[in-house]
Amino acid sequence: MAMWGVKVIIFILCLVPTYQQFPRLCVTQQALRTKECCPVWEGDGSACGARSGRGSCEDVEISEQPDGPQYPFSGLDDREKWPLVFYNRTCQCAGNFMGFNCGDCKFGYFGDTCNERRESLRRNIFHLTRAERNRLISYLNLAKQTISRDYVVATGTYREMENGSNPMFADVSVYDVFVWMHYYVSRNALLGGPGNVWRDVDFGHWAPAFPPWHRVYLLHWEHEIRKLTGDMTFSIPYWDWRDAQDCDVCTDELMGARSPHDLNLISPGSVFSSWKVLCSQSEEYSNRGVLCDARNEGPLRRNPGNHDRNIVQRLPTSADVEFTLSLPNYDTGAMDRTANMSFRNTLEGQPTGLGSSSSLGMHAALHVFMNGSMSSVQGSANDPIFMLHHAFVDSIYEQWLRRHRPSPSQYPESNAPIGHNGDYHMPPFIPLHRNKEYFISSKDLGYEYSYLLDASKFLSDFNKLFLSVFYFFILFYSVMPAIFIYS
């Protein structure tokens, strides 16, 4: 095990730089003042790999479609018309290239020239071998303990940075940059001064972009783990919580059991007991009128099942999932928390039709059930169970896409809450992604879920058997008259 750790450290030191949000080369005074983020690709020494045809530095194109009425301000929040507050020129990549400097491959593509198409398989965490489980825990902890050399996170608004003259960014680990991203997309809007915030805003939740945003989030997280470890076969496992009576992944062999000394903490027998959280004190930030400063805020907390039973009585069931999948409309009405008989809203938070056993929909019910760091939207990604949970939520989204085969027009182009229209760039991702680009099957993005693959195989085998029997009877009845004639 020690030798394996040494090899990993040596490999990390040899890694080429990766670019995400915010890359160090784009947080200088010059980059922020000129609003240009087009770093050099190391492969040919040109911005965006232009000499090799990988991409070029281009003006950012922003949709002018109107947003819904939920956020009645303009020019107050750095996420508005993302990423124009920080940058109005970024790399636009060609072909199968992707990344901040076009140095990476699009999801599902591999190789030096990004021409190798491969499909990854996300599997049930309980179907992993012991070695695979140990590897998962090791990768998670490695990501948590490794300070990113290549990108940082913002700790102040662009206005506080004096329009780029005073950059405010902090170093965080590979894992924690994703914790920060989830906080940043969901935080309250700061209107100026202590306690002066707007709460009815979230660029990644409670509206149509919830499934696409988290799909991109998981894909990038998976991508960064692969680059950190050199293991290009790594895929996020999922936790199938349908009909579970408790947190069955909460064991020291997996995501950490309860501590016998404090039920709100993780067992000392788990590596996660040493993890510290950040960006988890949303009310304090709002009261002070500031952004999370990415400091250590204490241990990871979790006490599954000891939550307010008036909000959530149980974990979601197979029947809940099936009902949600049966809803034909992706979103409805105002396309927010009030949307009725909306697949997105029922999946995410509101239970329209799920019965009286829960006042929350499936995704939100699991977060509340965990009763700790997971229970706060802004700080929930601190708990590694977040990844397992959202992988399964993404698989439900994938089932709905395959069952209903929606036309692209089902994703709203206008009048959704701010950040959620089809052509809106997802904050705080750089490289840029538009919401509607991920209203497509996971297979088009290079990954599959094992239980969906098994279901497809079953249907395929059943169809083959049915056709065999059908053709047998056709043949039988076509031959029968001849048998009677010659007999």
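## Ground rules

Residue numbers start from 1 along each chain as its sequence is written, and side-chain values rest on heavy atoms, with hydrogens and water left out. Since this is a predicted model, local features need pLDDT of at least 70 and side-chain atom pairs count only at pLDDT 80 or more, while totals for chains, interfaces and linings use all residues.

## The overall picture

The protein has 11 helices and 15 strands. Those are DSSP runs numbered from the N terminus: helices are H or I with at least four residues, strands are E with at least two. Of the 487 residues, 55% are buried, where buried means under 20% relative accessible area, exposed means over 50% and partly exposed lies in between (1.4 Å probe, protein chains only).

The accessible surface comes to about 21,000 Å², and 55% of that belongs to carbon and sulfur atoms. Those areas come from the Shrake-Rupley method with a 1.4 Å probe, and for residues only the protein chains shown count as cover. As for contacts (heavy atoms within 4.5 Å), take those with a separation of 6 or more: residues 24 or more positions apart account for 70% of them.

Two strands count as paired if DSSP finds at least two bridges between them.

E1 pairs with E5 (residues 89-93) in the parallel sense over 2 bridges. If you want to find the spot, Glu-36 has Arg-89 in E5 as its bridge partner.

## Disulfides

How many disulfides does a search of the whole structure find? The search turns up 7, using a cut-off of 2.5 Å between a pair of cysteine sulfur atoms. One of them joins Cys-93 to Cys-102, S to S 2.1 Å. The torsion about that S-S bond is about -95°, so the disulfide is left-handed. Cys-93 is partly exposed at 25% relative accessibility, whereas Cys-102 is buried at 0%.

Another links Cys-105 and Cys-114, with sulfur atoms 2.1 Å apart. Here the torsion is about -80°, so this disulfide is left-handed too, and both cysteines are buried. Then there's Cys-247 with Cys-250, sulfurs 2.0 Å apart, where a torsion of about 70° means a right-handed disulfide. Cys-247 is buried at 7%, and Cys-250 counts as buried at 15%.

## Met-98 and its surroundings

Met-98 sits in strand E6 (residues 97-98) and is buried, with a relative accessible area of 9%. Leaving aside residues up to four places away in sequence, Met-98 touches Cys-93, Gly-103, Asp-104, Cys-105, Lys-106, Phe-107, His-220, Pro-431 and His-433. Met-98 and Gly-55 are 43 residues apart in sequence, yet 8.6 Å apart C-alpha to C-alpha.

## Helix H9

Is helix H9 (residues 362-370) mostly covered or mostly uncovered? Mostly covered: 9 of its 9 residues are buried, among them His-363, His-367 and Phe-369. The buried residues of H9 pack against helices H5 (210-229), H7 (318-326), H8 (343-348) and H10 (385-404). Just after H9, Asn-371 takes a positive phi of about 50°.

## Nonpolar cores

A nonpolar core here is a set of buried Ala, Val, Leu, Ile, Met, Phe, Trp, Tyr and Cys residues joined through side-chain atoms within 4.5 Å. The largest one has 112 residues, and Tyr-217 and Met-255 have the most contacts inside it. H10 supplies the largest share of this core, 11 residues. A second, separate core of 6 residues includes Leu-360, Ala-364, Ala-365 and Val-368.

Back to Tyr-217: not counting residues up to four places away in sequence, Tyr-217 touches Phe-178, Val-179, Met-181, His-182, Ala-381, Phe-386, Met-387 and Phe-429.

## What the record says

An unreviewed UniProt entry places "domain: Tyrosinase copper-binding" on residues 205-222 and 383-394. UniProt positions follow the numbering used here, feature names are shortened, and annotations may be inferred rather than shown by experiment. In the model, residues 205-222 are 72% helix and 0% strand, with end C-alpha atoms 21 Å apart. For residues 383-394 the make-up is 83% helix and 0% strand, and the end C-alpha atoms lie 18 Å apart.
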